[in-house]
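Open the model in your viewer and colour it by chain. The stops below say what to select and what is found there.

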Amino acid sequence: MNTRFAVSMILVGAMAFSMTGCKGLFGKKKSSEGLTDVSGMTGQGGLDVQNGGTRIGEGVGQVVNAQLSAVQFAFDSALVDDTERAKTEAAASYLKANAGTFVTLEGHCDERGSAEYNMSLGERRAQAVRTYLMNLGIDSTRIQTKSFGFEKPKDPGHDEKAWSINRRVEFVVMK
Amino acid sequence: MKTILCYSLVALTLASTAPAQEVRVIKASGSKTSLDLSAYGAAGANGFVFRQTLTSDLEHCGWFSMIRPATFTVTGSCHDNAGTLTVDCQVLNVLKSSAVLSKTYTDSSANARQLAHKVADDIIMAIKGFRGICSGRIVMIGNGTGNKELYTCDADGGNLRQLTHDKSISLAPRWSPDGSKIVYTSFLKGFADIYMIEAASGKRSVVSRSPGINMAGAISPGGGEMLMVLSKDGNPEVYSKSFGSGQLTRLTRTPRAGEASPTWSPDGSQIAYVSDMAGAGSPNLYIMDRSGTSRRLTSRGKENIDPDWGANNLIAFSSRRGGLYSIFVINPATMEERQVSPSDASYEDPSWASDGRHLVCTKREGHGTRIYLLDTMGDAPVCLTPYSGSWSAPSWCAK
């Protein structure tokens with residue numbers, strides 16, 4: 001228990017460091033953007049309120065090759081299939097074994113449909129994996145989501161095979 | 001006897017089907033006003049550019065047929081002299097022997113195309129009594145550089161200019177209603193953030209960079225608010241931000257669905273948007289009023305996406321039906337809808353032109369798309385981007 005608290009403190013410290021680092025790169029810190037949220041739900045989603053809305057590792061993180069496989073999705077679905085759970089569990093194990101790392105979940109879609117709807121769908125895929133990682137005990141402050149919609153296909157093809165490869169969430173681990 | 005009756009019925013059915021289509025075609029061309037430009041003179045290189053642009057504009061605006069003898073004649077000439085273009089234009093109603101337009105214009109020769117668009121709109125106003133679309137501008141995305149950058153062009157696809165050099169992915173550009181700004185999403189800093197560009201100065205500012213996605217910025221008709229799709233609270237939801245107070249208001253609450261592509265009604269009292277709350281894989285259009293009450297607008301088709309609510313109070317959108325995406329127009333008051341794009345290819349992502357008759361949209365050609373001007377009254381679609389690369393996400397400038 002005490003250990004976990006200590007780790008949290010180290011993480012909070014790391015976050016504070018990243019936020020400071022961010023100022024140098026992007027000038028005035030724009031984490032809050034002067035936006036007032038009247039939804040009362042700040043921080044439930046893509047990234048938690050502990051970070052003050054600043055993105056994890058922005059400008060300071062280094063990508064680590066954690067050799068984690070992408071989670072694949074069915075057409076137009078944002079549900080993590082049973083067959084894909086092992087990949088998320090492997091990612092959770094990696095994050096547990098490597099304190100000080102954090103992960104960006106990159107959601108991707110196939111090329112069909114609108115660019116805008118696919119941005120939302122890719123984000124939902126990333127958040128489905130995020131929720132699963134949190135259920136496996138990964139602290140929400142170590143996870144952020146990102147969607148590329150259909151903008152970054154892994155397979156450049158235009159058939160069912162390419163589409164199924166392109167519907168995915170990738171784990172981009174940083175430290 | 002039975003057989004004969006049966007044949008007659010078939011013949012009757014065919015007869016009633018075929019003329020119905022003919023009637024539609026006749027009606028469409030019958031609504032065109034005959035116009036004769038053949039006597040219009042031009043001198044100098046930019047004089048010819050002017051006349052060619054003027055002729056093309058009047059042919060493609062949809063309101064005229066270029067036949068002789070015509071009800072209206074355009075006479076005059078255009079001279080390109082030492083960098084100055086002098087345009088003389090008279091429009092005569094032949095039947096009444098009366099001039100409906102008589103005007104002289106001067107401009108820099110380099111502005112020959114722009115001046116032709118302006119004169120074309122003046123001719124449309126003089127004959128038809130409403131504003132044409134020839135002076136309109138379009139913002140869109142092109143990938144010719146290997147990145148997705150914003151470009152602007154004239155209503156006929158000419159005067160192509162690269163607006164951004166972000167070397168990144170740009171998404172969802174939209175003009176502000178007054179035509180002074182363009183709002184778009186870019187991965188410029190690695191994440192999907194919303195930026196605003198002042199059209200005159202090119203000055204750019206960041207509008208929203210909350211955690212998760214920041215998408216689909218759409219400024220209200222009055223200019224005081226902006227719709228956005230944000231995922232900072234979890235799922236992608238529609239929000240409205242007041243420019244004055246900075247206050248952000250969350251408009252949708254769908255924990256198990258994603259929203260996209262919000263668009264304002266012309267009076268700013270309602271919004272239409274995409275949601276898959278009816279089931280993943282079935283995005284549909286919904287309408288919400290200021291009280292937060294929402295209703296489903298579309299029910300046919302596998303996907304209904306990319307709505308654009310025109311000043312004519314009709315919502316254009318793309319719908320996937322029978323393997324193709326097609327452009328449909330729906331009247332939100334009566335729920336009547338009709339297809340307005342041909343069935344030769346997929347047409348997507350419509351944006352209303354300012355005349356409420358035309359739309360700009362994409363047409364799939366091979367593995368890319370090009371921008372087309374689509375006529376809801378039946379004229380053939382016109383390609384606006386015969387340039388290399390793939391072109392998408394057109395937005396028509398209302399001003």
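Two residues lie between them in the hairpin, where Gly322(B) takes a positive phi near 60°.

Now select E24(B) by itself, residues 324-330. Is this strand mostly covered or mostly open? Six of its seven residues are buried, so mostly covered is the description by the criterion of 20 or more other C-beta atoms within 10 Å.

The hairpin of E24(B) and E25(B) has six residues between the strands. In that turn, select Met335(B), which has a positive phi of about 65°.

**The four-stranded sheet**

Next, show E10, E11, E12 and E13 of chain B, which form an open antiparallel sheet in that order. E10 and E13 stand at the edges with a single partner strand each, so one side of each is left without a neighbour in the sheet. Ignoring direction, neighbouring strands here are turned by 25° against each other on average.

Look along the pair E12(B) and E13(B). Residues 193-198 make up E12(B), and four bridges hold its antiparallel pairing with E13(B). Met196(B) stands opposite Ser205(B) in E13(B).

Select residues 112-128 of chain B, helix H3. At 1.5 Å a residue, its 17 residues should span 24 Å, and the end C-alpha atoms are 24 Å apart, which agrees. Among its buried residues are Leu115(B), His117(B), Val119(B), Asp121(B), Ile123(B) and Ile127(B). To see what the buried residues of H3(B) pack against, show strand E1 (33-36), helix H2 (45-60) and strands E4 (72-81), E5 (84-93), E6 (98-108) and E8 (149-154) of chain B. Step just past the end of H3(B) to Gly129(B), which takes a positive phi of about 85°.

**Backbone details to check**

Go to Arg68(B) and Pro69(B), which are joined by a cis peptide bond with omega about -5°. Pro69(B) lies in the loop between strand E3 (64-65) and E4 of chain B.

Two residues other than glycine with positive phi come next. In chain A, Gln67(A) has phi near 55°; its place is the loop between strand E2 (63-64) and strand E3 (71-72). Gln67(A) is exposed, with 9 other C-beta atoms within 10 Å. In chain B, Ala393(B) has a positive phi of about 55° and belongs to strand E30. Ala393(B) counts as buried, with 26 C-beta neighbours inside 10 Å.

**Phe171 in chain A**

Select Phe171(A) in strand E6 of chain A, residues 168-174. Phe171(A) is buried, with 23 other C-beta atoms within 10 Å. Leaving aside neighbours within four places in sequence, which residues is Phe171(A) in contact with? They are Ala66(A), Leu68(A), Ala91(A), Val103(A) and Leu105(A). Then draw the C-alpha to C-alpha distance from Phe171(A) to Gln62(A): the two are 14 Å apart in space and 109 residues apart in sequence.

**Confidence**

Finally, colour by pLDDT. Chain B has a mean of 90, and 92% of its residues reach 70 or more. Residues 1-30 of chain B have pLDDT below 50, and beyond near neighbours in sequence this stretch has three contacts in the model. Where pLDDT is low, the predicted coordinates should not be read in detail. For the model, ipTM is 0.87 and pTM is 0.84.

Notes. Residues numbered from 1 in each chain as written. Chains lettered and ligands numbered in written order. Predicted model: local features only at pLDDT ≥ 70, side-chain atom pairs only at ≥ 80, totals over all residues. Buried ≥ 20, exposed ≤ 12 C-beta atoms within 10 Å, placed from the backbone. Pairing = 2+ DSSP bridges. pLDDT = per-residue confidence, 0-100. Contact = placed C-beta atoms within 7 Å. Expected span 1.5 Å × (residues − 1). Axes fitted to C-alpha atoms, helices over the stretch in contact; angles between N-to-C directions.
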